[in-house]
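Student: Could you walk me through this model with me asking as we go? I have the viewer open and ready.

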Amino acid sequence: MKLRSILFATAFAVLAVGVQMGTQAKPVAAATETAAVYNFASHQLSKPFRMGSSGLRRYDCSGLVWRTFYETGNLRKIGGERTSRGYFRWFKQHDRITRHPRPGDLVVWAYRGKPVSHIGIYIGKDRYGRAMAISALTTGVARHRVNGISIPLKAYLRVGLD
């Protein structure tokens, strides 16, 4: 836990220096791409939901994913801007569906036999071993259990961050 805090603090410090120097923050220079994604997504917590929005003040689920990867310089790893269904299709076509997620991978939810209807960012397990994600819910951007929303988990999508 302490190492994770140090990594995230380092990533934030690198980002802050880049912003002060007047350059666009490219967290690829951060400690890791994963830390940069987690850091940016965490700073969006509690921002309100609005369908079709992709930040920086309001988000829908796919807008949060797109903005996070755009701002951290990792957009190429998720194939650009898409809907939650579009992301699922793109990752499936590129054979990047997994059952063993890593922090920074994407999570998609869908009712059985229905198309994907929600997407978020997998952030790891909490102290009780429960899988956690950050996503834009109708109540706003939140950190929640992967199995803690009303829509069942469909799949994890391997992003391939370092």
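**Helices on a sheet**

Tutor: Helix H2 lies across E3, E4 and E5, running at about 115 degrees to E3. Axes are lines fitted to C-alpha atoms, for helices over the stretch in contact (heavy atoms within 4.5 Å), and angles run from 0 to 180 degrees between N-to-C directions. Helices (H or I, at least four residues) and strands (E, at least two) are DSSP runs, numbered from the N terminus. This is a predicted model, where local features need pLDDT of at least 70, side-chain atom pairs count only at pLDDT 80 or more, and totals for chains, interfaces and linings use all residues. Residues are numbered from 1 along each chain as its sequence is written, and side-chain values use heavy atoms, leaving out hydrogens and water.

Student: At about what angle to E3 does H3 run?

Tutor: Helix H3 lies across E2, E3, E4 and E5. Its angle to E3 is about 55 degrees.

Student: How many of the 11 residues of H3 are buried?

Tutor: Buried means under 20% relative accessible area with a 1.4 Å probe, protein chains only. H3 spans residues 61–71 and is mostly covered. Its buried residues include Leu64, Trp66 and Phe69, and the buried count is 9.

Student: Which strands are the edge strands?

Tutor: The open sheet has 6 strands in the order E1-E6-E2-E3-E4-E5, with antiparallel pairing (at least two DSSP bridges between two strands). Each edge strand pairs on one side only, and these are E1 and E5.

Student: Which residue in E6 is the bridge partner of Thr98?

Tutor: E1 pairs with E6 (residues 153–157) over 2 bridges. In E6, the partner of Thr98 is Tyr156.

Note on methods:
Buried means under 20% relative accessible area, exposed over 50%, partly exposed in between (1.4 Å probe, protein chains only).
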